[in-house]
Amino acid sequence: MKSKILDAVGISAAVLCLIHCIAFPLLMIIPLGISHNPYIDLAFLIIGAIVVYRVTKNMDSGWLKLLFWVSIILITISVLADLIFEIHIPLIYAGAAGLITGHILNFKNHKH
């Protein structure tokens, strides 16, 4: 799969993840009977990790590769804390923002 397509998938997944992470706490305030499901966060993490692996596999830029993997690690810590300890750590927001930034920079740096 071309890096351009992977970046588009990565940006889309990271933006959806960020929207989910921001909107869900607001929806919890409204009594709709919605409960948090950490497996949704886990699904976003798995998609993101696969895309980041594929994008960084042949990447030359060390700092961009670092940005991608640090972002995935931040999201992983947050998701695992939610799954194991049932606590929400806001590292997921920084991780999602890092992934979005990384994919946008990677997309702009490629000759399409």
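A cavity is a set of points, on a 1 Å grid over the protein atoms alone, where a 1.4 Å probe fits but cannot get out. A volume is the space filled by probe spheres set on the points, with grid points joined across faces, edges and corners. This is a predicted model: local features need pLDDT of at least 70, side-chain atom pairs count only at pLDDT 80 or more, and totals for chains, interfaces and linings use all residues. Residues are numbered from 1 along each chain as its sequence is written, and side-chain values use heavy atoms, with hydrogens and water left out.

**View 1. The largest cavity has a volume of about 100 Å³.** A13, A14, F44, G48 and L99 are the closest to its centre, out of 15 lining residues; lining residues have an atom within 4 Å of a point. Two or more lining residues come from each of α1, α2, α3 (62–85) and α4. Helices are DSSP runs (H or I, at least four residues), numbered from the N terminus. The top contributor to the cavity lining is α2, with six residues. By class, the cavity lining has 12 nonpolar, three polar and no charged residues. Ala, Val, Leu, Ile, Met, Phe, Trp, Tyr, Cys and Pro count as nonpolar, Asp, Glu, Lys and Arg as charged, and the others, Gly among them, as polar. The whole structure holds one cavity of 30 Å³ or more.

**View 2. Helix α2 passes α4 in a left-handed crossing.** Left-handed means that the near helix is turned anticlockwise from the far one by less than a right angle. The two axes come within 12 Å and cross at roughly 30 degrees. Axes are lines fitted to C-alpha atoms over the stretch in contact, and angles run from 0 to 180 degrees between N-to-C directions. From α2, the contact uses D41, V51, V52 and V55. From α4, it uses I92, L99, H103 and N106. Contact means heavy atoms within 4.5 Å. Five of these residues are nonpolar, two polar and one charged.

**View 3. The largest pocket has a volume of about 210 Å³.** A pocket is an open set of points with protein on both sides within 12 Å along at least five of seven lines. Of its 13 lining residues, V55, N58, M59, N106 and H110 lie nearest the centre. At least two lining residues come from each of α1 (3–29), α2 (38–56) and α4 (91–109). The pocket lining divides into four nonpolar, six polar and three charged residues.

**View 4. I77 lies in helix α3.** I77 counts as partly exposed because its relative accessibility is 40%. Partly exposed lies between buried (under 20% relative accessible area) and exposed (over 50%), with a 1.4 Å probe and protein chains only. The C-alpha atoms of I77 and I89 are separated by 8.1 Å, and the two residues are 12 residues apart along the chain.
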